[in-house]
Every structure is written in C-alpha cells, then in structure tokens.
Amino acid sequence: MQHTAPGPLVIGHRGAPGYRPEHTASAYRLACELGADAVEPDIVATRDGVLVVRHENEISGTTDVASRPEFRGRRTVKTVDGTRVHGWFVEDFTWSELSTLRCRERLAKVRPDNRAYDGAEPILRLRDVLAIVDAESARLGRGIGVVVEIKHARFLLGQGIDIGALLLAELAATGWDARPDRLVIECFELGVLDRMRAAGAGAEIVFLAERSGAPADEPLAGAPSRGYAWYRSDAGLALLADRVDGISVAKGDLIRVNALGRATGATDLAARAHDRGLRVYTWTLRPENRYLNLRYQSSLRGAEWGDWQDEFALILRAGVDGIFVDHPDLGVAIRRAETR
C-alpha cells in the first residue's frame with residue numbers, strides 16, 4: 001500500500017477503538033480524522049451472504065444480541081478453528097436481523113470511557129466502511145487505504161459460505177477492486193489468500209501469523225502441517241515470498257527479551273522478511289499497561305497508560321512497513337518523532 005509520509009503506514013485497527021467501540025462508524029471516521037493512512041475492517045458473513053465487520057463471528061461481546069429476547073433461541077455452541085465457542089454467530093443471522101443490533105465496547109474494563117457509546121451505533125457492512133473511507137478521503141483530500149482481514153475462511157466454507165468469493169464481488173461492486181495501491185487483503189489462513197491471488201484480486205496480499213499455533217487450514221493440500229513459527233523461519237519466509245506480498249506479525253515477535261521477559265531490543269524478523277522481498281506489518285500497538293512489554297509498564301494497573309512511546313519506537317526501529325494501532329494519533333505521533 002502506498003502512502004506519502006516517511007516511515008511506516010499507520011493503520012487504524014478496527015477504526016480507532018482506543019476512543020470508540022471497535023468497528024463503528026464513529027471509530028472509522030475518527031481514525032481518518034486522527035491521521036490514519038488506512039483502516040482495518042475484519043469481515044465475517046451472514047447467512048444470506050452479506051459481509052459485515054466484526055472482530056469474530058461470535059458477537060455477544062461486541063453487540064447487544066444477548067439482551068434481545070427475539071434472538072435468545074439463536075444461542076448455540078460451535079467449534080470454530082479448533083476452539084469450542086458458546087454464543088451467537090453472524091452466519092446464523094440474516095443481514096436484516098443483524099442490522100437491528102447495536103454495538104458495545106469489547107474491552108470494557110480496559111476502556112471504560114468507551115462504554116458511554118454502548119448502544120449508540122448499528123453494525124456495519126463492509127460496503128458501509130468503504131463508503132466512509134471514500135467520503136473521508138474526499139473530505140480530507142488524501143487517499144485513505146483499507147486493510148480487509150478475512151476471518152474464519154475454512155470454517156465458513158464448511159458452513160456453505162465462500163467468504164473469498166463474496167469479498168471479490170463486494171470489491172467489484174464498490175469499485176475498490178480497481179484501487180490496488182490503497183487495498184490490502186490479509187488472513188491468518190494461506191489457502192484463501194492463494195485463491196484471492198489466483199482470482200486476480202487487485203490488492204496487496206498479506207499473511208497474518210499468530211505467535212503460536214497453526215493456521216486453521218493447515219495442512220494445505222500436498223504439504224505437511226506447518227505452524228506459524230515455521231512461517232517466520234527462513235524456509236517459511238521463502239515459501240511466503242512466492243505466494244504473498246507481505247507478512248503481518250504480532251509485535252512480540254519483533255521484540256527481543258531477556259530471561260525475565262523484559263525487552264532488550266528488536267529481533268531480525270523484519271530484516272529477514274525484507275531480504276526475501278516481503279513487506280512487514282505488526283499488530284497491535286496499544287498504550288495500556290496490559291498490552292505493553294514488562295519493561296514499559298508503569299504500574300500493575302492494566303488500564304493505565306505506560307511508556308508506550310519507547311515501546312512503539314522500538315517497533316518502528318525494527319524496520320516495519322506498517323503498524324496497526326488502536327489510537328491512530330499515537331501512531332502518527334511516534335512516526336513523526338522517529339522520522340524527523
């Protein structure tokens with residue numbers, strides 16, 4: 001993805017969820033206002049094939065569905081990507097039904113101020129987010145990008161929903177298939193990314209890698225099962241270089257630590273990926289103690305902000321091409337400080 005400022009892309013992770021409930025219209029508009037180069041919607045799909053933006057397909061933590069008597073009977077149990085999950089699932093609803101729900105703060109204990117916005121806004125479709133980005137780009141006079149994260153591709157295929165095909169159709173319908181310089185498609189599964197590339201998706205293709213475990217679609221056909229750690233090895237990066245444009249890793253994989261878990265510097269992961277022609281993104285930079293490395297925590301109070309400036313600066317010095325942030329203004333501030 002292209003941008004004009006020196007230093008890495010600043011990507012509003014689900015909008016600006018440090019200040020508003022994630023994936024709401026106000027969170028996306030605020031991210032653009034605060035200077036984000038791009039925003040990142042996660043996508044799942046309804047029973048009738050509508051792409052909606054939610055952190056997961058289970059929605060009791062981010063909506064008021066649990067308090068809605070008309071949907072009480074929809075509560076169920078599913079095994080999603082190997083994990084048994086209780087709750088309400090997007091793929092069991094039509095868009096008409098989901099559109100009646102209202103969003104709520106997911107991290108209520110860490111961000112209690114955001115609870116003031118609970119119930120104020122509806123769920124968004126992907127096309128709603130794309131329209132917001134179009135409007136904000138025109139208003140601000142700069143082309144804001146979009147990083148679309150595909151969720152649970154293999155699981156949804158088992159439910160009869162091809163989320164990759166739905167995404168291609170949505171991008172074509174909204175004109176975003178013709179903006180490869182402003183669009184990234186990412187997923188924790190390589191199979192759907194292979195299919196997106198084979199279909200000619202006009203976007204940068206990025207493989208997401210958790211710190212541990214393995215992709216839900218491993219093993220891929222004709223290959224042994226490989227965990228996320230293997231994909232960060234030299235052999236794994238070499239394989240990825242033939243299939244994707246970049247890799248997006250947890251920030252912990254970029255921080256070298258001592259025996260006590262305290263940061264001592266940056267790892268060489270970004271440099272090794274760059275040597276193989278891969279762009280490198282990292283997630284998620286947050287200022288609260290709960291999310292900072294021990295070295296940068298200011299107290300045992302998880303919601304209190306610690307020394308986020310030094311941790312963010314360490315990540316930038318690791319050589320990344322983009323950072324996912326919950327507070328876009330902090331990402332812009334640290335980029336400015338590190339590149340002046």
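Rings of Phe, Tyr and Trp (its six-membered ring) pair if their centres lie within 6.5 Å; planes under 30 degrees apart count as stacked, over 60 as edge-to-face and the rest as tilted. By this rule, eight aromatic pairs are counted here. The model is predicted, with local features needing pLDDT of at least 70 and side-chain atom pairs counting only at pLDDT 80 or more, while totals for chains, interfaces and linings use all residues. Residues are numbered from 1 along each chain as its sequence is written, and side-chain values use heavy atoms, leaving out hydrogens and water. Helices (H or I, at least four residues) and strands (E, at least two) are DSSP runs, numbered from the N terminus. Buried means under 20% relative accessible area, exposed over 50%, and partly exposed in between (1.4 Å probe, protein chains only).

**Aromatic rings**

- Phe71 and Phe93 form an edge-to-face pair. Their centres are 5.2 Å apart, with 75° between the planes.
- This pair links distant parts of the chain, 22 residues apart. Phe71 is in the loop between β4 (51-53) and β5, and Phe93 is in the loop between β6 and α2 (95-98).
- Phe71 is buried, at a relative accessible area of 6%. Phe93 is buried too, at 0%.
- Phe207 and Tyr228 make a tilted pair, because their ring centres are 6.2 Å apart and their planes lie at 35°.
- Phe207 belongs to strand β9 and Tyr228 to helix α7, so the pair ties together parts 21 residues apart in sequence. Both Phe207 and Tyr228 are buried.
- One aromatic cluster is formed by Phe188, Phe207, Tyr228, Trp230, Tyr231 and Trp283.

**Charges over rings**

- A charge sits over a ring if NZ of Lys or CZ of Arg is within 6 Å of the ring centre and within 35 degrees of the ring normal.
- Arg74 places its charged end over the ring of Phe93, 5.0 Å from the centre.
- Trp176 has Arg179 over its face, at 4.5 Å from the ring centre.

**Helix packing**

- Axes are lines fitted to C-alpha atoms, for helices over the stretch in contact, and angles run from 0 to 180 degrees between N-to-C directions. Contact means heavy atoms within 4.5 Å.
- A crossing is left-handed if the near helix is turned anticlockwise from the far one by less than a right angle, and right-handed if clockwise.
- Ala, Val, Leu, Ile, Met, Phe, Trp, Tyr, Cys and Pro count as nonpolar, Asp, Glu, Lys and Arg as charged, and the others, Gly among them, as polar.
- Helix α3 (residues 126-140) packs against helix α5 (residues 163-174) at about 35°, with the axes 11 Å apart. The crossing of α3 and α5 is right-handed.
- From α3, the contact uses Leu126, Arg127 and Leu130; from α5, Leu167, Glu170, Ala173 and Thr174. Four of the contact residues are nonpolar, one is polar and two are charged.
- Helix α10 (residues 308-317) crosses helix α11 (residues 328-339) at roughly 65°, and their axes come within 10 Å. The crossing of α10 and α11 is right-handed.
- On α10, the contact residues are Trp308, Gln309, Phe312, Ala313, Leu316 and Arg317; on α11, they are Leu330, Ile334, Arg335 and Glu338. By class, six are nonpolar, one is polar and three are charged.

**Leu166**

- Leu166 sits in helix α5. Leu166 is partly exposed, with a relative accessible area of 25%.
- Apart from neighbours within four places in sequence, Leu166 is in contact with Ala45, Gly49, Leu51 and Ile161.
- Leu166 and His55 are 111 residues apart along the chain, and 18 Å separates their C-alpha atoms.

**Backbone features**

- Glu218 and Pro219 are joined by a cis peptide bond, with omega about -5°. Pro219 lies in the loop between β9 (204-209) and α7 (228-231).
- Trp283 and Thr284 are also joined by a cis peptide bond, with omega about -20°. Thr284 is in strand β13 (residues 279-285).
- His23 is not a glycine, yet has a positive phi of about 60°. His23 is in the loop between β1 (9-13) and α1 (25-33), and is buried at 0% relative accessible area.
- Asp81 is not a glycine either, and has a positive phi of about 50°. Asp81 is in the loop between β5 (76-80) and β6 (83-87), and is partly exposed at 36%.
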